[in-house]
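Subject: Structure for you to look at

Hi,

Here is the structure I promised to pass on. Have a look at it first, then read my notes below.

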Amino acid sequence: MTLASISANNLVIRRDGIQAVDSITFDLAAGKLTGLIGPSGSGKTTLMRAIVGVQKIHSGELSVLGEKPSARNLRPKIGYVSQDPAIYNDLTVLQNLRYFGTLARASHTQIDEVIGQVHLEQQRHQLAQRLSGGQRARVSLALALLGNPDILVLDEPTVGLDPLLRRQLWSLFDTLAAQGKALLVSSHVMDEAERCDIILLMREGKLLWQNSRQALLTHTKKTTVEDAFISLVEREGH
Amino acid sequence: MYHIRATLATTARIWRQLSHDPRTVALIFVVPCVLMSLLRWLYDDNVAVFNHIAPALLGIFPFTLMFIITSITTLRERVSGTMERLMVLPIGKLDLLLGYMIAFGVLAIIQALLVSTLILYGFNLDIAGPHWFLTVMALADALLGTALGLFVSAFARTEFQAVQFMPAFVLPQVLVGGLLVPLAHMPDLLEHIAYYLPLTYAIDALNSVAKNTDITGDAWRDVWVVVAFSIGALLLGALTLRRKTN
């Protein structure tokens with residue numbers, strides 16, 4: 001049996017008095033690409049922020065590599081991409097990477113490597129504020145890869161990217177999972193579930209499904225994840 | 001070793017950001033010099049008044065400017081999401097704040113040197129005590145402004161609120177700090193309050209060096225009080241900087 005990289009048990013998170021995550025339970029294994037799929041406002045970002053240790057938990061349990069998410073020794077092991085690209089717009093791509101690289105204890109070689117992985121070789125000396133939204137999102141992703149973390153929590157990393165780049169990034173996620181990392185990648189685009197080993201379907205803070213895409217389609221007797229999502233919602237009586 | 005590297009990397013990062021914004025850097029250095037020149041011009045027929053207030057202003061300018069810059073910069077970090085990103089990394093909160101302190105502290109040194117050089121040698125400010133002490137005190141005040149700015153930025157949610165902290169935190173200290181009315185001539189309650197405010201000690205030290213040929217024991221006490229307030233504000237800043245939010 002594989003030890004769960006991220007494990008939640010009856011997890012409840014309240015934000016501004018609203019139950020953003022409502023009693024959810026799941027286990028995520030290392031070496032798997034897990035998609036956290038659901039519409040806007042379903043609690044994906046709140047859950048991801050809790051996993052990386054910046055969101056308070058109301059009740060239940062959440063552990064990351066067997067530790068509480070806020071544990072100090074976990075920080076070098078987690079890479080995080082927030083929903084809005086949190087980078088310094090008044091620095092160049094390379095300056096952003098060098099700063100975060102120092103903090104994540106990454107080598108100069110790795111900085112060059114991640115620039116290649118997100119296909120920003122041509123933009124390395126450009127100020128982040130002059131980049132397009134998609135390019136900034138890729139800088140944000142590159143920062144999360146620094147330090148070679150065991151767990152990658154990526155909040156909508158492919159939003160706004162052209163289809164070719166999106167495909168390349170999903171291939172990169174596959175490669176990283178094959179290296180033994182645990183990846184949790186959120187998206188509000190149901191089609192992106194196709195690329196994941198496991199999908200967690202969320203709606204209004206509740207977890208509707210956790211298993212493979214194929215198992216979901218078989219279970220709901222549907223051909224697309226979107227139809228399967230609607231079928232699950234209807235069955236739940238929402 | 002990691003903590004030192006993280007602190008220095010933060011300092012270097014802030015300087016790089018500023019290097020892409022030369023207008024802000026120019027404003028940091030030019031505005032206090034222009035204001036001091038304006039003041040000197042205003043009292044052209046009564047230089048004694050300028051000599052009386054300029055030393056104290058040498059402390060107030062860097063304090064105010066560093067307070068505003070630091071509080072807005074840290075707030076911007078919080079609003080843009082980079083602060084949250086940093087909080088996920090192994091960097092300590094104090095590493096980050098010290099990085100800020102050093103980055104803006106060096107700017108403050110340059111600013112203090114420029115303004116004190118201007119008033120001492122450009123305007124021949126007549127002070128009894130050693131010139132270097134004015135610069136040291138101006139630097140201590142700039143560090144105090146930086147530390148307080150870091151601390152209070154935790155209570156602002158928008159940049160507009162952060163700017164409002166200037167009249168809320170800085171102006172009262174200027175008003176009751178002994179610049180406008182000597183402490184002894186103030187109503188008792190205000191005088192008592194003034195002794196709990198750090199800028200009072202800064203103004204006292206600067207006035208003292210203007211009047212006395214030697215640095216008095218009280219002036220040194222004032223320096224240490226300002227430094228102690230700065231360290232206290234920095235530690236409070238680290239405590240109020242939260243990794244987790246609700």
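One definition before anything else: I call two residues in contact if their C-beta atoms, placed from the backbone, lie within 7 Å. Among contacts in chain B between residues at least 6 apart in sequence, 80% join residues at least 24 apart. For chain A, residues 24 or more positions apart account for 68% of the contacts with a separation of 6 or more.

Some housekeeping. This is a predicted model, in which local features need pLDDT of at least 70 and side-chain atom pairs count only at pLDDT 80 or more, while totals for chains, interfaces and linings use all residues. Residues are numbered from 1 along each chain as its sequence is written, and chains are lettered from A and ligands numbered from 1 in the order in which they are written.

How confident is the predictor? The model scores ipTM 0.88 and pTM 0.87. Chain B has an average pLDDT (the predictor's confidence in each residue, from 0 to 100) of 88, and 100% of its residues score at least 70.

Now the two chains. Helices (H or I, at least four residues) and strands (E, at least two) are DSSP runs, numbered from the N terminus. Chain B has 10 helices and 0 strands, whereas chain A has 7 helices and 9 strands. The C-alpha trace of chain B spans about 55 × 40 × 35 Å along its principal axes; the box for chain A is roughly 55 × 40 × 40 Å.

The radius of gyration is taken over C-alpha atoms, and the globule rule is 2.2 Å times the number of residues to the power 0.38. With 246 residues, a compact globule would come out near 18 Å, and chain B agrees at 18 Å. For the 238 residues of chain A the rule also gives a value near 18 Å, and chain A has 18 Å.

A residue counts as buried if 20 or more other C-beta atoms (placed from the backbone) lie within 10 Å of its own, as exposed if 12 or fewer do, and as partly exposed in between. By that count 44% of chain B is buried, and 48% of chain A.

Where do the chains meet? 22 residues of chain B are in contact with 24 residues of chain A. On the chain B side, helix 1 (2-19) and helix 4 (82-88) each supply at least two residues, and helix 1 of chain B gives the largest share, 6 residues.

In helix 3 (residues 108-117), the buried residues are Ile111(A), Val114(A) and Ile115(A). Seen down the axis of helix 3 of chain A, they fall within an arc of 105 degrees (the arc of the directions from the helix axis to the C-beta atoms), so they line one face of the helix. They pack against helix 2 (93-103) and helix 4 (133-145) of chain A. On the other side of helix 3, Thr109(A) and Gly116(A) are exposed.

In helix 7 of chain A, the buried residues are Val225(A), Ala228(A) and Phe229(A). These also fall within an arc of 105 degrees, so they line one face of helix 7. What covers them includes strand 8 (198-203) and helix 6 (213-220) of chain A.

Cheers
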